[in-house]
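Visitor: I would like to learn how to read the features of a model such as this one. Could you take me through them in turn, with the general idea and then the case at hand?

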Amino acid sequence: MRVPRIYTNQPLTENLNIELEAAPSRHLARSLRMKPGDNLIVFNGAGGQYSAAVESIQRSAVHVTIGRFDSIERESSLSVTLGIAISRGDRMDWIVQKATELGVSAIAPLMSERSEVRLKDDRLTKKLHHWQKISASACEQCGRNRLPNIQPPVAIEQWIGAADASVKLVLHHLATATSAVDEAPSSIALLVGPEGGLSDDEIDRAHQADFRAMSLGPRIMRTETAPIAALAILQSHWGDMNIT
């Protein structure tokens, strides 16, 4: 049986006894039916992971004893920030999950001209927390020990102007080819639009801010497919998914 990996937003040190948060406690106790003495792995997103063992299980709380620290990291050498226009339904959840698995360093949810989702005040805060939970769960599954930075949503023009990376790319329907990159970048900012695509004005703004055009070929992909395909290509070219 695979040893469960659990994220906790708590300081961790060897030989510490902690009570896990309600959601992971329910998962361990009810879904996995773990018992005192069973082993697991715990991490808090600061890097590395700890072996741990279940100390006790109560109705809504699982206590674990933290064991030995392991400094293992599974982060890509390529730092990618995904600027993605917020999409409807569970599409954004899917993008956050898969982008985390593909090793992005940060995800910037963007409000664009053609975005059909508008988030304000409490709803925005709840959505941001929701995406952070999805990303943490994806880290549990894929083995990452550092959580991507899920940034608060901003207007697309604000993000375009502030994006800072050695290579900046904009994925859009007008691109017939991907602009050449002279040397392997250490960091990439990738801009992807919503269901209806980026507007001509947004594309122009991106190009004026030194974003290079990126194309995924002749077929039109859905908004949840395009960023995942692009991230896989970038990781294959310059990250840790090289095929030898």
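**Helix, rings and pockets**

Guide: In helix α5 (residues 200-208), the buried residues are Glu-202, Ile-203 and Ala-206, where buried means under 20% relative accessible area, exposed over 50% and partly exposed in between, with a 1.4 Å probe and protein chains only. Viewed down the axis of α5, these buried residues fall within an arc of 100 degrees, so they line one face of the helix; the arc is that of the directions from the helix axis to the C-beta atoms. Helices (H or I, at least four residues) and strands (E, at least two) are DSSP runs, numbered from the N terminus. This is a predicted model, in which local features need pLDDT of at least 70 and side-chain atom pairs count only at pLDDT 80 or more, while totals for chains, interfaces and linings use all residues. Residues are numbered from 1 along each chain as its sequence is written, and side-chain values use heavy atoms, with hydrogens and water left out.

Visitor: Against which elements do the buried residues of α5 pack, and what follows α5?

Guide: The buried residues of α5 pack against α4 (156-162), β10 (167-171) and β11 (187-192), a contact being heavy atoms within 4.5 Å. After α5 comes Asp-210, whose phi is positive, near 75 degrees.

Visitor: How many aromatic pairs does the structure hold?

Guide: A pair of aromatic rings is described by the distance of the centres and the angle of the planes. Rings of Phe, Tyr and Trp (its six-membered ring) pair if their centres lie within 6.5 Å, and planes under 30 degrees apart count as stacked, over 60 as edge-to-face and the rest as tilted. The structure holds three such pairs. In one of them, the ring centres of Tyr-50 and Phe-69 are 4.9 Å apart and the planes stand at 55 degrees, so the pair is tilted. Since Tyr-50 lies in strand β4 (residues 49-57) and Phe-69 in strand β5 (residues 62-70), the pair ties together parts that are 19 residues apart in sequence. Tyr-50 is buried, with a relative accessible area of 12%, whereas Phe-69, at 34% relative accessibility, counts as partly exposed.

Visitor: How far apart are the ring centres of Trp-159 and Phe-211, and are these residues buried or exposed?

Guide: The ring centres of Trp-159 and Phe-211 are 5.9 Å apart and their planes are at 50 degrees, so the pair is tilted. With Trp-159 in helix α4 and Phe-211 in the loop between α5 and β12 (212-214), the pair ties together parts that are 52 residues apart in sequence. Both Trp-159 and Phe-211 are buried.

Visitor: Which residues lie nearest the centre of the largest pocket?

Guide: Rolling a probe the size of a water molecule over the atoms shows where empty space is left. On a 1 Å grid over the protein atoms alone, a pocket is an open set of points where a 1.4 Å probe fits, with protein on both sides within 12 Å along at least five of seven lines, and lining residues have an atom within 4 Å of a point. The largest pocket is lined by 24 residues, of which Tyr-7, Lys-133, Ala-136, Ser-137 and Glu-140 lie nearest its centre. Elements that give two or more residues to this lining are β1 (5-7), α1 (22-31), α3 (121-142) and β8 (149-150), and the largest share, eight residues, comes from α3.
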